[in-house]
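Trainee: Could we walk through this structure together, one question at a time? I would like to see how each answer is reached.

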Amino acid sequence: MWRVVSRPLTDDSRMQRRWTDGRPTSAVAAQIAKPNDRLTSFERLEIYNRMYWFRVLDSLYDDCPGLRAVLGDKKFIRLAEAYLVKYPSASFTLRNLPGRLAKFIRQEPRYTKPHTALCHDLARFEWARVEVFDTASNPVFTANDLLDVPAARQGKLKLALQPYLQLLRLEYPVDDFILAVKQREAELLRGDASNAPTELRRRKDRKTRLPSRGRTHVAVHRLDGKIYFKRLEPEAFRILTALRAGKTLEQALVTGIPRAKKSHADWAARVQGWFRNWMELGWLCRR
Amino acid sequence: MPANKFNGYTDYGIGIGLRIPHYDHILGRKPTVDWFEIISENFMVDGGRPLEVLDRILAQYRVVQHGVAMYFGAADGPNKEHLRRLKALTKRTKTPWLSDHLCWGSVDGTYSHDLLPMPYTVAAAKQTAANIRRVRDYLEIPIAVENVSSYTEFHVSEMTEWEFLTEVVERADCGILLDVNNIYVSAQNHGFNPYDYIDHIPHHRVAQMHIAGHTKFEKYILDTHDHPVLDPVWKLYAHATKLCGVTATLLEWDDKIPSFDEVHDEALKANEYIAQARAAQIPAPREAVRPRAR
């Protein structure tokens, strides 16, 4: 029955009429399920087949507003269906459904071309938001914790980052794009609730403008139960990535700041500013 | 049967499902509610927003865990990682009992996220009962299994659904989460009398009841949980309450969710039927000796 339930639907969202071996699917269904006075065996199993696909596709649809905005609904559904055939849910929760989507997009670029790189970034970004939402936090690292470390050893200090903090190096500024998509969706919702013949109505048909390529470093994080994203300077991103890799504070700073820039008079102040901000946001935690 | 060994000897009254659209209302206004049912899988995470909200709810309310992905009927048995996470959550919530469905839904680690109906055979009943026992032994709390709504029947079935449910719970020595809406939906879809179902289950094992709304289509009924409870379901609930006793009752409303007050008011309609059952002063159900299929 599982093979019947999980088999992709036709373009008009019905159960496929032919089975994998060429037999009528109705013959396969008749071996499994009883008909009743209103429904054939085929129709009874089709209810489950449709429910399965509607459920998993709806879930991905809700979780991937950015990908939808790039591809449009039709291409997005085609991508989602191919993805779920190759990588069906391996988790007890639908929240984890997009977990392998970025990998799939890279493996099967035909579903996203000519925007494969952008879609790959979006899939990573949208999955990062799920991870930030569900991942544990550790006690934050405070100034008092730093005072416990002798000054001579502070360079050797290993700082940990909150497990929920996601650091992304992206080829496109998808953080801004996602905000624009969400804003547009909110405007459309407000527009639907109003009869006013405003410019909003005309804007319905316009897609959110796709972002131009541009290396972007973003932290996706959580504060007071809400998800935020924050742009990072490349040097700040490298320092955080090095800390996450287990480097000492000293090593992380060496990794993060290029040698040529170290002579800048304001460099120390910038780094201090970053760390102050990261501690305020609770990104640093005790090991 | 307000309190029995299958619901941890509790008397929980009328609850509703804890759903995201109501979080702000519940946390901000702290309305009086007997208890909340949570979907276990929504909180089987390492941390983050779900557990932050849950801890705030637990500080104010009684919570009972209800699962949707244990799949007691799965041929490959319960997933160990699932059980580990579930146990951690039960320690947090201190749920007096735990429920999940009499169904299957995963194959070789792939999840359907659906509650697929089982073939009603003795072999399936034995396997399912063994799975339930393993889960109960690991979690160390009472288990109640819920009858699902279904849209198909299998050629291989050897008994009715209520006989199968009885067979499973007797073999597992566990409780029943009696979903009267699911009984109604399946009865309409398969052409049996829903009162026969309720009359023939072991009433003393009913730990909890579910009520919900459904949607009628031309040729079948779908269990959508997006409507108020319909009259025939209330009548079934009244009948079940007379037979099983006043039992912890929960309204499920999972789609097109209206305001908190609307959902809670709908759930509280159960009080009318509970009052009728109390007035009737029917003695608590007792265990009956039943012949067991071989």
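This is a predicted model: local features need pLDDT of at least 70, side-chain atom pairs count only at pLDDT 80 or more; totals for chains, interfaces and linings use all residues.

Trainee: Which residue's side chain is joined to the side chain of B:Asp226 by a polar contact of 3.3 Å?

Mentor: B:Asp226 sits in the loop between β11 (221–222) and α8 (231–244) of chain B. Its side chain makes a polar contact of 2.6 Å with the side chain of B:Thr224. The contact of 3.3 Å goes to the side chain of B:Thr215.

Trainee: Is B:Asp226 buried or exposed?

Mentor: Look at what surrounds this residue: leaving out residues up to four places away in sequence, B:Asp226 touches B:Gly213, B:Thr215, B:Trp253, B:Asp255 and B:Lys256. Buried means under 20% relative accessible area. The relative accessibility of B:Asp226 is 10%, so this residue counts as buried.

Trainee: How are the strands of the barrel in chain B paired, parallel or antiparallel?

Mentor: Follow the order β1-β2-β3-β4-β7-β8-β9-β12 in chain B, where 8 strands close into a barrel. On average, neighbouring strands of this sheet are turned by 30° against each other, direction ignored. As one example, β1 (residues 14–17) and β2 (residues 35–39) of chain B are paired over 3 bridges in the parallel sense. For the barrel, too, the pairing is parallel.

Trainee: What angle does helix α6 of chain B make with β8(B)?

Mentor: This helix, residues 180–190, packs on the sheet and touches β7 (143–146), β8 (175–179) and β9 (206–212) of chain B. Comparing the direction of α6(B) with that of β8(B) gives about 60°.

Trainee: Now chain A. Which strands stand at the edges of its open sheet?

Mentor: The sheet has 3 strands in the order β2-β3-β4 (chain A), and the pairing is antiparallel. Neighbouring strands here are turned by 25° against each other on average, direction ignored. Two strands each have a single partner, so one side of each is left without a neighbour in the sheet: these are β2 and β4 of chain A.

Trainee: Which residue in β4(A) is the bridge partner of A:Val218?

Mentor: β3(A) and β4(A) run antiparallel, and 6 bridges join them. Their hairpin has 2 residues between the strands, and A:Asp224 there takes a positive phi near 50°. One bridge links A:Leu223 to A:Lys226. For A:Val218 the partner is A:Arg231.

Trainee: Which strands of the sheet does α10(A) touch?

Mentor: Helix α6 (residues 116–134) of chain A lies across β2, β3 and β4, running at about 175° to β2(A). α10(A) packs on the sheet too, at about 135° to β2(A). The buried residues of α10(A) include A:Phe237, A:Ile239 and A:Leu240. The strands of this sheet that α10(A) touches are β2 and β3 of chain A.

Trainee: How far apart in space are A:Pro211 and A:Pro150?

Mentor: A:Pro211 lies in the loop between α9 (199–203) and β3 of chain A. Setting aside residues up to four places away in sequence, A:Pro211 touches A:Leu118, A:Tyr172, A:Pro173 and A:Phe177. In sequence A:Pro211 and A:Pro150 are 61 residues apart, and in space, C-alpha to C-alpha, the distance is 48 Å.

Trainee: What area is buried between chain A and chain B?

Mentor: The contact takes 32 residues from chain A and 38 residues from chain B. On the chain A side, A:Trp2, A:Tyr48 and A:Phe92 lose the most area to chain B, together 25% of what that side buries. Carbon and sulfur atoms give 59% of the buried area, whose total is about 3,200 Å².

Notes: Residues are numbered from 1 along each chain as its sequence is written. Chains are lettered from A and ligands numbered from 1 in the order in which they are written. Side-chain values use heavy atoms; hydrogens and water are left out. Buried means under 20% relative accessible area, exposed over 50%, partly exposed in between (1.4 Å probe, protein chains only). Helices (H or I, at least four residues) and strands (E, at least two) are DSSP runs, numbered from the N terminus. Two strands pair if DSSP finds at least two bridges between them. Axes are lines fitted to C-alpha atoms, for helices over the stretch in contact, and angles run from 0 to 180 degrees between N-to-C directions. Contact means heavy atoms within 4.5 Å. A polar contact is a pair of N or O atoms within 3.5 Å; within protein, one must be able to donate a hydrogen and the other to accept it, and residues adjacent in sequence count only if both atoms are side-chain atoms. Buried area is the accessible area (1.4 Å probe) that two parts lose on being put together, summed over both.
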